[in-house]
Amino acid sequence: MKIGFIKYILIFFLSFHSINLYSAGKADLVEQKWPFDGFFGRFDQSSLQRGFQVYREVCAGCHGIRLVSFRDLAALGYTNDDIKSIASEYEIEDGPNDEGEMFTRFAKPSDKFVGPYRNKNEARASNNGSYPPDLSLIVKARAGGADYLYNLLNGYKEVPENFRLNDGMYYNTIYPGKQIAMPQPIYDDMVEYEDNTPASQDQIIRDVTSFLAWTAEPELDERKSIGVRVLLFLFLLTLMLYAVKRKIWRDVE
Amino acid sequence: MQVKSNNYTGVKKWVDERLPVFSFVEDNLTNYPTPKNLSYFWNFGSLAGITLVIMIVTGILLAMQYTANSDLAFDSVERIMRDVNNGWLLRYLHMNGAHMFFIVVYIHIFRGLYYGSYKSPREILWMLGVTILLLMMATAFMGYVLPWGQMSFWGATVITNLFSAFPIIGESIVTFLWGGFSVDNPTLSRFFVLHYLLPFAIVGVVVLHIVALHMHGSNNPLGIDVKSDGDTIPFHPYYTVKDYYGLGVFLIFYLGLVFFAPNFLGHPDNYIPADPLVTPAHIVPEWYFLPFYAILRAVPDKLMGVLLMFSAVAVLFILPWLDTHKVRSSQFRPYYKQFFWLFFVNCFVLGWVGAMPAEGIYVTISRIATAYYFIFFLVIMPLLSKFEKGRVLPSSIASSVLSDKFESAPDQSFAK
Ligand code: HEM
């Protein structure tokens, strides 16, 4: 009986592989291995830093990450000074000051990232009427998670002959309806990595996907490392309770 | 009025004569006689109680940081996730706690169905349980609205709109529920208030549930009454330790979800902020509502669908009068047992079609499954009560436990 139990528990945990109940049936996604998968998976800091660079150089032109504060970047391995200088590259509106005027100032580490547009309408106006969503939570907000994002960014293909592409749309095999208003954002060598990693398209997509997985779940590393200890403790405690139970019940029949 | 005497001495005696705390604990927790043959399925009641406490504690802590305003709710939840110390843990405990609560309670209910725990003298106990289920559903439905994501918003819109199916008063009911002419800020704040309130109503009903339970004690896998002291053991230490062990196993599952797959059972769309102008491709409720959702959509007529869905829970209330067979446990009812398992599988089928789009083959499947859901209760149960001949019951719990050891009774003994 006990073996049976352990088997069930194992099956239960192995089934976590499919990140979400509602993503079953998303067969067209090519599954990827991510360093942050599984019980012992953690974010890879250098990949996050590269992904952050890609975000800033490529995606930030159209997409915000409004839920992320500059100080959160400490998790990527940046020092306080790094963070201060990154923040100071952004300007935000503050105020009113003593004279009652609004003013702009350089961002501080406690501020959140500022998006490229002042509001949804401006965003739509600049993108042919389509709205580029905020990317802070995008990995959690799509069935398939990181795999979806990876496949989406890799999903730009030749337009098949009899496919009717609407004006200002781009053919993408992963996006629902197979056409998306976002032009293919990533090509080989479009960024020059500060750490000199060769910037193939695949590498860039991996890095930016990792980065956005982090913005969606910045607690992941801490969560998993606490989790491993909690489960280990619970396994031992439960085994012990089982033994005590056996002992107390020995003479009941 | 006569003072109840007790066997304590000193301060304990003095206190107990004035407020019977010690004798209460003794009567209801330590010496409380309990059938000795309870299986692990009897763990789920105490697990449900513990889950309720976890929900209330984590919920109150969340409420200290949460903002019930349609402009701020989504971001306040994200602030809990990102900026509040261990806020992510609190929120994931609460979110997955709701899932575990339903898993535990559904197992608890199927246990009752299988072993006939709703039969005399436990009818009121059973009805109180169904009341708890209803309150839980209302609580969870309103809780899911609070983070104000796309599924929160559209789930609330679809479900509250159901009431518009009622003739004449329908529209006014919906306006009344919304506090306006669409799901909006007033809806969110009243849902928050009710979501805070209802769990305490659940606590009240749980207390009654336990009072009713302790009138006649637990049912047991044989479904026969306790006949003598030989059939029972004191609750402590036997069932306290067994419940602790069960709690350990439960926590492994629950915290496994919390720490390693916290969003496994949730819908990704709820991480998109609510937008009244964008309807999600498929609006699906949380998994624990799916069987009822399937019943709702099985009929083409909206009002009929709504009535059927409510009847699906309401029918549980009258269960003790639909199944009047004298034998409680399915172990001694070979036919009921088969129909029960079919019903069990049928519930999963309903849950599965509930998640599918309401078109093509899925509609047919949902109709067949809905039909069986009601036929099981309204036709099969009364008929079996009349015609099924149960197997011979063991004379007592103690004797059955003994005979189990020497031969593989009671399976071979079909009654005439
Ligand atoms: C019967 C017990 C309860 C059940 C079944 C329940 C269920 C739920 C559910 C399903 C959610 C949505 C989870 C999500 O997606 O975020 C939720 C959220 C919430 N609940 Fe409860 N809850 C219960 C008790 C309470 C209590 C007692 C409180 C405190 C007053 C509370 C406060 C909250 C708050 C503030 C939220 C929004 C924060 C969030 O979304 O995580 N809950 N609840």
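I take buried to mean under 20% relative accessible area. I am working from a predicted model.

**Entry 1, B:Thr51.** I looked up B:Thr51 and found it in helix H3 of chain B, which covers residues 44–63. Its relative accessibility is 1%, so I count B:Thr51 as buried. Leaving out residues up to four places away in sequence, I list B:Gly97, B:Phe101 and B:Phe250 as what B:Thr51 touches.

**Entry 2, H14 and H15 of chain B.** I describe two packed helices by the angle and the distance between their axes. Here I took helix H14 (residues 334–354) and helix H15 (residues 361–387), both of chain B. Their axes come within 9 Å and cross at roughly 150 degrees. Angles over 145 degrees count as roughly antiparallel, and H14(B) and H15(B) are therefore roughly antiparallel to each other. I noted the handedness of the H14(B)–H15(B) crossing as left-handed.

I then went through the residues that meet. From H14(B) they include B:Tyr335, B:Phe339, B:Phe343, B:Asn346 and B:Trp352. From H15(B) they include B:Tyr362, B:Ser366, B:Thr370, B:Phe377 and B:Leu384.

I checked the pLDDT of chain B: the mean is 94, and 95% of the residues reach 70 or more. Over residues 405–416 of chain B the pLDDT is below 50. I find 15 contacts for this stretch in the model, beyond near neighbours in sequence.

Conventions. Residues numbered from 1 in each chain as written. Chains lettered and ligands numbered in written order. Predicted model: local features only at pLDDT ≥ 70, side-chain atom pairs only at ≥ 80, totals over all residues. Heavy atoms only, no water. Axes fitted to C-alpha atoms, helices over the stretch in contact; angles between N-to-C directions. Helix = DSSP H or I, 4+ residues; strand = E, 2+ residues; numbered from the N terminus. Parallel < 35°, antiparallel > 145°, perpendicular 65-115°, else oblique. Left-handed = near helix turned anticlockwise from the far one by under 90°. Contact = heavy atoms within 4.5 Å. pLDDT = per-residue confidence, 0-100. Buried < 20%, exposed > 50% of the residue type's maximum accessible area, 1.4 Å probe, protein only.
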